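Thanks for coming. I have one structure to go through today, and I will keep it short. Please have a look at the sequence and the model first.

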Amino acid sequence: MIGHLCYAAGKSDRTLVLDRRELPVDERELTSTLLLARDWLAGRHDADVTTIAMIEPSADPSFDLDYQFAQYLPGPPPRFELRGSCGHSILSSVAVAHRLAWLSPFSTDSRLRVNVLNTGDRVACEVSAASRSLTFSVEFGYQPPRRLGDLLPTGTPRDELDGMTVSLVSAGNPHVFVDAADLGLRDEAALFAADPSVRGRLTDIRRAGARRFGLPENGVFPRVSAVGQYEYRRLAMLTLPAQVGSGPLPPADAVTVAAAAVIEGTVPQRLAERGWSRVDELVVDNPFGTTVVRAAVTGTTPDDTLTRVGVRRGTVRYDGPVFVEPLRDLMLRQEDAVPRSALH
């Protein structure tokens, strides 16, 4: 089987992109196959892949690409998690689909539509191409618009969790937000330093959040963030599990905190309001950079709606194909390949 490796700026390891049509449908068989591929790449190519994207041309005329996400969990036992999504791997998927000529040639600010099978999200990417690299603006769109109250899994903007006041928000990926001040973090330097006791406290909150969401405590989700308001019209955020690499917020985290920051009464919304942040534009610092997120909402009450969330540009480099020898039998037969022209 031929896979493709891509590097997204801000992520230290590469994403492996595979043709979804060649992979097993059964979830247990699929995750076993992905583990084989990952272990082989680590042993033969020194590629410590933690995220895999599975893609195919979409049969739905509303989309250009169907995308499924898998996150490696080292265990024990090691396994792949198929919940949630990852903006970096979405961008890698578009880069590979472009190289495979599944997409029309890019023009200035081409707009591509990705169907996220894990979460039901509709993602639009504006793309500029240059040699082996692509530059993106990413917009998560909601059709029909999402009611803000439906982004609160418990139906309330704040909950008690492990002795702390938190906000549970799910805008694609489930997330727990806690006020950094409640952890005794009174400035950005203290937040970003996050000594072991702070990280341990956040880990306990994350595990309690997993139980509340009905998810495995040792899984990827929910993520947990301590959010602080220290500067005018800016938030600061430290997130666990720790981001791999060094860069601004991953797109999925940026989307979730932006959605949380417009829902009346949540921890991020109260902090954003205190700092005079704009409802339609959120500026968030993390230890590695700054992210600007723009949201289109009708208001801030539970009955108001979210139409789209956009994240500024990121860059993906296509690193080339790789023959995944253990999956040699999973080769798409010529008669199975559906020409893109037949899908529309």
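This is a predicted model: local features need pLDDT of at least 70, side-chain atom pairs count only at pLDDT 80 or more; totals for chains, interfaces and linings use all residues.

Let me start with helix H1, which covers residues 27-44. H1 has 18 residues, and from its first C-alpha to its last it reaches 26 Å, close to the 26 Å expected at 1.5 Å a residue. What caps the N-terminal end of H1? That is Asp26, which has a side-chain oxygen 3.2 Å from the backbone nitrogen of Arg28. Just after H1 comes Asp46, with a positive phi of about 55°.

Which residues of H1 are buried? They are Leu30, Thr31, Thr33, Leu34, Leu35, Ala37, Arg38, Trp40 and Leu41. You will notice an arginine on that list, Arg38. Its relative accessibility is 9%, and the cut-off for buried is under 20%, so Arg38 counts as buried.

What does the side chain of Arg38 meet? It forms a salt bridge with Asp48, at 2.2 Å from N to O. Arg38 lies in helix H1, while Asp48 sits in the loop between H1 and strand E3 (51-57), so the pair ties together parts that are 10 residues apart in sequence. Asp48 is partly exposed, with a relative accessible area of 47%.

That brings me to the other salt bridges. How many are there in the whole structure? A search finds 20. I will show two more of them.

One joins the side chains of Arg21 and Asp19, at 2.9 Å from N to O. Arg21 is partly exposed, with a relative accessible area of 26%, whereas Asp19 is buried, with a relative accessible area of 10%.

Another joins Arg278 and Glu281, where the closest N and O atoms are 3.8 Å apart. Arg278 is partly exposed at 38% relative accessible area, and Glu281 counts as buried at 17% relative accessibility. This pair belongs to a network: salt bridges that share partners join Arg278, Asp280, Glu281 and Arg294.

Next is helix H2, residues 87-99. Is H2 mostly covered or mostly uncovered? Mostly covered, as 11 of its 13 residues are buried. The buried ones run from Gly87, His88 and Ser89 through Ile90, Leu91, Ser92, Ser93, Val94 and Ala95 to Val96 and Ala97. Just after H2, Ala101 takes a positive phi of about 65°.

Now to the open spaces, beginning with the largest pocket. Its volume is about 680 Å³. Of the 33 residues that line it, the closest to its centre are Gln71, Val220, Arg223, Pro241 and Ala242. Strand E4, helix H4 (196-213) and helix H5 each supply at least two residues of the lining. Which of the elements gives the largest share? E4 does, with four residues. By class, the lining divides into 13 nonpolar, 12 polar and eight charged residues.

One of those residues deserves a second look. Gln71 is placed in strand E4, residues 65-73. With a relative accessible area of 16%, Gln71 is buried. The side chain of Gln71 reaches the backbone oxygen of Thr50 at 3.3 Å.

What lines the largest cavity? The lining is made of Ser85, Asp121, Phe140, Ala171, Gly172, Asn173, Ala252, Val255 and Thr256. Helix H5, residues 251-260, gives the most to this lining, with three residues. Sorted by class, there are four nonpolar, four polar and one charged residues.

Last, a residue at the surface. Asp329 is found in the segment after strand E16 (305-323). Is Asp329 buried or exposed? It is exposed, with a relative accessible area of 73%. The C-alpha atoms of Asp329 and Trp40 are separated by 15 Å, and the two residues are 289 residues apart along the chain.

How values were computed: Residues are numbered from 1 along each chain as its sequence is written. Side-chain values use heavy atoms; hydrogens and water are left out. Buried means under 20% relative accessible area, exposed over 50%, partly exposed in between (1.4 Å probe, protein chains only). The expected span of a helix is 1.5 Å times one less than its number of residues. A polar contact is a pair of N or O atoms within 3.5 Å; within protein, one must be able to donate a hydrogen and the other to accept it, and residues adjacent in sequence count only if both atoms are side-chain atoms. A salt bridge is a side-chain nitrogen of Lys or Arg within 4 Å of a carboxyl oxygen of Asp or Glu. On a 1 Å grid over the protein atoms alone, a cavity is a set of points where a 1.4 Å probe fits but cannot get out, and a pocket is an open set with protein on both sides within 12 Å along at least five of seven lines; lining residues have an atom within 4 Å of a point. Ala, Val, Leu, Ile, Met, Phe, Trp, Tyr, Cys and Pro count as nonpolar, Asp, Glu, Lys and Arg as charged, and the others, Gly among them, as polar. Grid points are joined across faces, edges and corners, and a volume is the space filled by probe spheres set on the points.
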